[in-house]
Amino acid sequence: MEPKIVCRNISKVFIQKGTQRVHVLEDISVDVKQNEFVVILGPGQSGKSTLLRIIAGLETPTTGSVSLDGKEVAGPGADRGLVFQSYMLFPWKTVLGNVELGPKLRNVAKKERREVAAHYINLVGLKGFEKHYPHQLSGGMKQRVGIARAYANNPEVMLLDEPFGQLDAQTRYFMEKEIARIWETERRTVLFVTNNIEEAIYLGDRIISLKGKLPGRMHELYEVQLPRPRDNTDMKFLLLRQQISDASELVL
Amino acid sequence: MAYEAVKVKKPLTLILLPIISVLTFFLVWELIVEFDVVPKTMLAAPTQVGDRFIDKLSDPNPDGGTMAAHAWVSAQEAFLGYLLSLGIGLPLGLFMGWFSVVRGVARPLFELVRPIPPIAWIPLTIFWFGIGLWGKVFIIFLGGVVPCVINSFVGVRMTNPTLIQMSRTCGASDWQIFTHLCVPSALPMVFGALQIALACCWTNLVGAELLAADQGLGYMITMGRRLALPELVVLGMVSVGLAGALIGMVIETVERRLLSGIRR
């Protein structure tokens with residue numbers, strides 16, 4: 001079966017301020033199968049967010065191509081839902097208003113989009129907070145809204161860019177459990193970017209690690225065969241963790 | 001339950017302070033005039049102004065119109081000019097912020113016209129409109145339109161670029177991003193413009209009436225000077241001030257309702 005997302009030999013060079021070349025990605029090839037949870041793991045400055053933005057269509061690759069279901073990606077679209085590290089909610093809209101944004105932009109009738117929004121608000125565990133504004137919510141709750149919003153577009157692919165980067169450790173563990181639960185309830189093809197090895201093992205079917213510093217290159221691939229829900233004190237979990245962290249010594 | 005509805009009371013001092021401040025101001029003013037610190041020919045006491053106000057409610061003398069007549073004329077001019085400047089300035093600024101074609105066409109012209117003070121337009125305005133209502137409306141419009149354009153333009157330009165990208169990943173078109181994102185996120189700046197434009201309009205109203213009018217609050221101030229009646233001058237000034245403050249308060253209330261998510 002043809003993979004859902006195919007990235008072929010992607011490289012990316014930014015020209016900053018008209019004079020500076022920044023080489024961010026070099027020869028990246030990634031395949032993601034239908035309904036697979038793939039984690040892109042890399043240290044800071046390994047170009048992992050840029051890779052995600054290229055797949056989202058917000059950047060164009062300098063060389064190489066991205067295709068979704070065999071069709072080349074040419075710009076952002078509602079078939080790929082993106083969850084941002086910094087939440088990116090509309091501050092003047094309530095939880096409900098933020099979640100129903102996508103369907104509203106596609107002119108879905110009010111009743112229908114309210115049902116969709118209610119469903120996903122419920123799924124991410126925010127029932128009862130529909131009328132709250134983003135500033136009344138904690139970081140973890142804001143990111144739940146971001147996830148619900150992405151789901152409400154009914155995208156084929158979910159792209160998550162270090163979604164829990166701004167959360168404290170405890171909330172982060174909790175949200176990792178939540179994202180696994182949500183994914184098992186409503187399967188999607190997921191590409192999840194993180195710099196956290198434990199998070200990668202807890203969530204991923206497969207882990208693709210990138211080598212930092214810039215430009216980011218392909219490093220290792222790991223299949224995570226552990227049963228879900230995973231236990232991050234399990235021996236096999238810890239061994240894999242050891243293996244990955246040994247392999248990804250930072251070269252400064 | 002972590003989220004519970006409660007009522008928060010404003011501390012008593014915060015309620016009393018503005019009242020005390022205003023009362024003290026008027027008291028000191030009254031005393032200064034009462035004890036001839038400033039001669040009565042140069043400044044009128046609040047009580048005199050009050051007396052004059054009560055007279056002017058029914059008596060068109062000595063300047064040819066009752067309080068209500070002056071106020072009505074001024075209010076008409078100001079509101080028409082103000083509405084016109086909002087109606088033209090805000091959309092223009094918003095469009096300039098998001099659509100590069102509009103920006104390219106309108107920006108240079110706007111920058112050329114902007115530095116000319118509205119009062120400098122008075123001679124031309126008299127050629128075009130005479131000294132009737134529409135000439136003054138035009139001057140007031142010129143004063144108000146500049147902050148409207150600038151604020152709404154800057155407001156749109158300050159839209160968070162990541163929110164724009166987020167909207168694109170939700171499949172939003174350029175027009176949808178403009179209406180759903182740029183305009184609401186420019187609203188705080190737009191409401192700032194409402195206040196600034198109002199101040200500009202009101203200022204120019206008096207300016208326009210000083211030079212070319214036969215009625216209106218600004219005209220009343222001029223007549224007060226000609227007739228050497230300081231209380232008439234002050235009455236005109238106070239009326240302009242009070243009316244401006246009143247409209248400002250209304251705008252602020254509307255703003256708070258509309259922007260509940262952005263400002264807290």
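Hi everyone, some ground rules first. Residues are numbered from 1 along each chain as its sequence is written, and chains are lettered from A and ligands numbered from 1 in the order in which they are written. Since the model is predicted, local features need pLDDT of at least 70 and side-chain atom pairs count only at pLDDT 80 or more, while totals for chains, interfaces and linings use all residues.

Let's start with chain A. It has eight helices and ten strands; here helices (H or I, at least four residues) and strands (E, at least two) are DSSP runs, numbered from the N terminus. Its C-alpha atoms fill a box of roughly 50 × 50 × 40 Å along the principal axes. The radius of gyration of chain A is 18 Å, which agrees with the value near 18 Å for a compact globule of 252 residues. That radius is taken over C-alpha atoms, and the globule rule is 2.2 Å times the number of residues to the power 0.38.

How much of chain A counts as buried? The figure is 43% of its 252 residues. A residue is buried if 20 or more other C-beta atoms lie within 10 Å of its own, exposed if 12 or fewer, and partly exposed in between, with C-beta atoms placed from the backbone. Take A:Gly128, in the loop between α4 (110-123) and α5 (139-152) of chain A. A:Gly128 counts as exposed because it has 12 C-beta neighbours inside 10 Å. In sequence A:Gly128 is 33 residues from A:Val95, and their C-alpha atoms are 10.0 Å apart in space.

Now over to chain B, which comes to ten helices and zero strands. Its C-alpha atoms fill a box of roughly 70 × 60 × 30 Å, again along the principal axes. Chain B has a radius of gyration of 23 Å, but a compact globule of 264 residues would be near 18 Å. Of those 264 residues, 38% count as buried. Among contacts in chain B with a separation of 6 or more, 71% are between residues 24 or more positions apart; two residues are in contact if their C-beta atoms, placed from the backbone, lie within 7 Å.

Helix α9 (residues 217-226) and helix α10 (residues 230-258) of chain B pack at about 160 degrees, with axes 7 Å apart. Axes are lines fitted to C-alpha atoms, for helices over the stretch in contact, and angles run from 0 to 180 degrees between N-to-C directions. The two are therefore roughly antiparallel to each other, a label for angles over 145 degrees. Among the residues making the contact are B:Leu217, B:Met220 and B:Ile221 of α9(B), with B:Leu232, B:Val233 and B:Met237 of α10(B). By class, this contact has nine nonpolar, three polar and one charged residues. Ala, Val, Leu, Ile, Met, Phe, Trp, Tyr, Cys and Pro count as nonpolar, Asp, Glu, Lys and Arg as charged, and the others, Gly among them, as polar. The buried residues of α9(B) include B:Leu217, B:Met220 and B:Ile221. After α9(B) comes B:Ala228, with a positive phi near 55 degrees.

Finally, where do the chains meet? There, 21 residues of chain A are in contact with 16 residues of chain B. On the chain A side, β6 (80-83) and α3 (101-105) are the elements that give two or more residues. The residues on that side divide into twelve nonpolar, six polar and three charged. Thanks, everyone!

Key: Parallel < 35°, antiparallel > 145°, perpendicular 65-115°, else oblique.
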